[in-house]
Amino acid sequence: MTVPGRRLAYVVVVAAAMAVLAATPGEAGSMHSMTPAQYDVHLKLSASAEAAAQELNSRVTELCPHNGVDLNVSAQPHITLYLTEFTPAAVPTALTGNVSAMAPVLVRCNVTMGELFVQGSYGMWAVEDSTCLQADADVAAALLVPLAVPNQPVPGWVSGLPPAERAQKTAMVQRFGSPNVFMQFQPHVTIAFDDSPDDDLAACVAQLHAPATVFEATTIAVGTTGPHGTVLRGKDLGDYAIGTPSSVAQHDAQYMAFGAPV
């Protein structure tokens with residue numbers, strides 16, 4: 001497997017340390033249904049960032065009452081690194097084992113939240129991409145792709161994208177089991193899903209103002225997915241401390257030590 005547009009050498013070094021975990025899913029399948037299941041490997045928000053996301057979610061629901069995302073009760077705000085269907089044999093042992101083992105290698109990124117936007121029926125709070133976030137997402141995807149179900153269908157929302165972007169995300173699903181990975185990584189926090197003809201989601205979101213929010217992402221988790229791209233609150237398979245505090249500049253230095261971009 002090649003990692004498009006990223007510093008492959010770094011991923012190879014980390015992947016070597018995880019090889020035994022990826023190669024030995026063992027008896028995990030006996031603990032769960034033999035049906036493939038979708039899980040979301042994600043970053044947790046800080047307490048203040050989560051509270052801000054919950055407030056935005058509540059305001060959207062006040063304005064657009066058919067909002068299907070509830071970040072205050074059933075779902076938790078999160079930043080997805082890798083979302084896919086995993087093979088039954090991989091869950092939970094190989095999946096959680098790989099994530100717990102990669103956590104000390106990942107770098108705690110300084111996360112800057114951006115503007116609110118609407119894409120299709122989704123309302124989202126943008127996350128400013130950075131070398132640090134991109135690197136951690138690339139490592140997570142590269143290590144977990146071997147555990148994903150092959151030949152997954154392309155999510156329906158991809159069909160509504162412009163042709164060039166649609167083609168790129170389709171290629172990511174075909175190669176890596178997920179549309180938003182590697183050069184298509186687009187970090188965000190979902191605050192709404194509303195496809196009701198009685199609501200105008202774009203107009204509702206346009207009335208909101210996202211507060212200036214910056215935090216350090218210190219935890220990676222394996223989340224159980226719910227409807228509309230949500231991660232269910234209180235249903236994580238595991239959460240793990242990210243091991244290396246670092247500024248983006250320090251992360252770049254560590255990253256470049258393994259080689260130039262390929």
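Author: The largest cavity has a volume of about 40 Å³. This is a predicted model. The structure holds 1 cavity of 30 Å³ or more.

The lining includes V69, L71, A75, Q76, P77 and H78. T190, G229, T230 and V231 also line the largest cavity. By class, that gives 5 nonpolar and 5 polar residues. No charged residue takes part in the lining.

Now look at P77 and H78. Both line the cavity, and both are touched by V189. The other contacts of V189 include L45, A53 and I79. M113, G123, M124, W125 and V127 are also on its contact list, which leaves out residues up to four places away in sequence.

V189 leads on to the core. The largest nonpolar core has 64 residues. V189 is among those that touch the most other members, along with L95, V99, W125, L144, I191 and I220. The helix α4 gives the most to this core, with 9 residues. In general, nonpolar side chains tend to be buried together in soluble globular proteins.

Stay with α4 for a moment. The helix runs over residues 131–144. Of its 14 residues, 13 are buried.

H228 lies in the loop between β9 (219–224) and β10 (231–232). H228 has a positive phi of about 65°, although it is not a glycine. Its relative accessibility is 28%, so H228 counts as partly exposed.

N151 also has a positive phi without being a glycine, here about 55°. N151 sits in the loop between α4 and α5 (163–176). With a relative accessible area of 74%, N151 is exposed.

One more backbone feature belongs to a loop. P92 lies between β3 (78–86) and α3 (93–102). The peptide bond from V91 to P92 is cis, with omega near 0°.

How values were computed:
Residues numbered from 1 in each chain as written. Predicted model: local features only at pLDDT ≥ 70, side-chain atom pairs only at ≥ 80, totals over all residues. Heavy atoms only, no water. Helix = DSSP H or I, 4+ residues; strand = E, 2+ residues; numbered from the N terminus. Buried < 20%, exposed > 50% of the residue type's maximum accessible area, 1.4 Å probe, protein only. Core = buried A, V, L, I, M, F, W, Y, C linked by side-chain atoms within 4.5 Å. Contact = heavy atoms within 4.5 Å. 1 Å grid on protein atoms, 1.4 Å probe; cavity = no way out; pocket = protein on both sides within 12 Å on 5 of 7 lines; lining within 4 Å. Points joined across faces, edges and corners; volume = space filled by probe spheres on them. Nonpolar A, V, L, I, M, F, W, Y, C, P; charged D, E, K, R; others polar.
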